[in-house]
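Please read it with the sequence and the coordinates at hand.

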Amino acid sequence: MAKVAIVGAGVIGLGWAKLFARGGWDVALADPRPDLDQIVHDELAGLSVTAYPEAGAAADGADYVQEAGPERLEFKHELFAELAAATADGVVLASSSSSLLPTQIAQGCSAADRILIGHPFNPADLMPLVEVVPGEQTSTAAMDRAMQVYGDLGKTPIRLQREIPGFVGNRLQKVFNDQSIYLVQQGIIAAKDLDDLVKASLGLRWATVGPFEGMNLGGGPAGIRHLMENVGSQMTFEIGSPDKSKMGMIVQEVDNAYGNGEQNYEQGVTARDDKTRKILHALDEN
Ligand SMILES: NC(=O)c1ccc[n+]([C@@H]2O[C@H](COP(=O)([O-])OP(=O)(O)OC[C@H]3O[C@@H](n4cnc5c(N)ncnc54)[C@H](O)[C@@H]3O)[C@@H](O)[C@H]2O)c1
């Protein structure tokens, strides 16, 4: 059985552990957290997962490494030096990082050609996307291998041609979130109404067609050319940006609408994951 070392057993690492184990991999899960054995017992019951307190020991003999530790550059530098030393040439060292660039992570590392980003969307075991991002020194062989591994796991791996802060998914999300905050701050719409608006329109649309496919269909039989000449030509307004000094009102409004706390979080995650599974299932049937 192929062995994957997953480094970090937080929100993202546990998602990866479920995904790889269900995909037939032997998982070595590394995290110094004192409750790791308990977590493996409770949350990964019945899966082929072994707990390790140290990353190097977990990575020994691994065929693939998926890192999901804390988002600090100095930490990743030390960790990737350890992972490079513990693994054979050719073994991909993939970081889940959302904000660090692969070239930054690989700086000074002897295995820079094997380091890349395999960036999931939360929850990592359910969301199909993995952005596969090369650094300046990443080899084509490492990129090909990562694409193959994520594809075989049933994910939708998307290969970026080169790195850029935020990659693609989070850059798009930032534009959308900033505009959402701006509209609520301006008193145009309540936060919860904006959520309902998105779920009833763009969210549903984008589960079936992407922005460009949507633009092409939006133009009718003449496609995107017609859309750009017609409706698109009138969309010339400035969209504004959030007022950073008024973020407190957003926090308060979202808090009032949805609440917080452990129990509330568990209910929210369960409802989100159930709906996501149902949508994926429905899309699979087509
Ligand atoms: N949370 C998200 O939505 C999200 C989405 C995509 C990518 N990411 C990325 O995934 C990575 C992990 O994020 P997270 O949200 O799971 O963080 P998290 O804080 O939930 O988990 C990090 C885990 O790393 C562990 N850790 C600390 N030192 C370690 C060491 N020496 N060896 C092994 N494990 C160690 C911690 O104990 C913790 O359990 C980050 O790089 C983040 O940018 C997060």
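This is a predicted model: local features need pLDDT of at least 70, side-chain atom pairs count only at pLDDT 80 or more; totals for chains, interfaces and linings use all residues.

**Notes on the model**

1. Lys199 and Asp196 both belong to helix H8 (residues 191-199), where they stand 3 residues apart, about one turn of the helix. Helices (H or I, at least four residues) and strands (E, at least two) are DSSP runs, numbered from the N terminus. The two side chains form a salt bridge, with the closest N and O atoms 3.8 Å apart; a salt bridge is a side-chain nitrogen of Lys or Arg within 4 Å of a carboxyl oxygen of Asp or Glu. Lys199 is exposed because its relative accessible area is 57%, whereas Asp196, at 32%, is partly exposed. Buried means under 20% relative accessible area, exposed over 50%, and partly exposed in between (1.4 Å probe, protein chains only).

2. Residues are numbered from 1 along each chain as its sequence is written, and side-chain values use heavy atoms, with hydrogens and water left out.

3. As to the overall architecture, the protein chain contains 13 helices and 8 strands. Its C-alpha trace spans about 60 × 45 × 45 Å along the principal axes. Of the 286 residues, 38% are buried. The accessible surface comes to about 16,400 Å², and carbon and sulfur atoms account for 55% of this area; accessible areas come from the Shrake-Rupley method with a 1.4 Å probe, and for residues only the protein chains shown count as cover. Among contacts (heavy atoms within 4.5 Å) between residues at least 6 apart in sequence, 62% join residues at least 24 apart.

4. On charge, the chain carries 23 positive and 38 negative side chains, and the centres of the two sets are 5 Å apart. Lys and Arg count as positive and Asp and Glu as negative, while His and the chain ends are not counted. The place of a charge is taken as NZ of Lys, CZ of Arg, CG of Asp or CD of Glu.

5. How many salt bridges does the count come to? The count is 11 salt bridges. One of them joins the side chains of Glu67 and Lys76, at 2.7 Å from N to O, and both of these residues are buried.

6. Is Asp273 buried or exposed? Asp273 is buried because its relative accessible area is 12%, whereas Arg272, at 33%, is partly exposed. Leaving aside residues up to four places away in sequence, Asp273 touches Pro123 and Leu126.

7. Pro123 sits in the loop between strand E6 (115-120) and strand E7 (129-134). Phe167 is placed in the loop between strand E8 (156-159) and helix H7 (169-185), and counts as buried because its relative accessibility is 0%.

8. Two surface patches remain. Patches are made of residues with over 30% relative accessible area and no salt bridge, like charges being joined within 9 Å and nonpolar side chains (Val, Leu, Ile, Met, Phe, Trp, Tyr) within 5 Å. The negative patch gathers Asp42, Glu43, Glu262 and Glu266; helix H2 (36-43) and helix H13 (262-284) each supply at least two of its residues. Glu43, in helix H2, counts as partly exposed because its relative accessibility is 42%.

9. The nonpolar patch is formed by Val231, Met235, Phe237 and Ile239, which together have about 410 Å² of accessible area. Ile239 is found in the loop between helix H11 (224-229) and helix H12 (247-258), and Met235 lies in the loop between H11 and H12 as well. Met235 is exposed because its relative accessible area is 53%, while Ile239, at 43%, is partly exposed. The C-alpha atoms of Met235 and Met249 are separated by 29 Å, with the two residues 14 residues apart along the chain.
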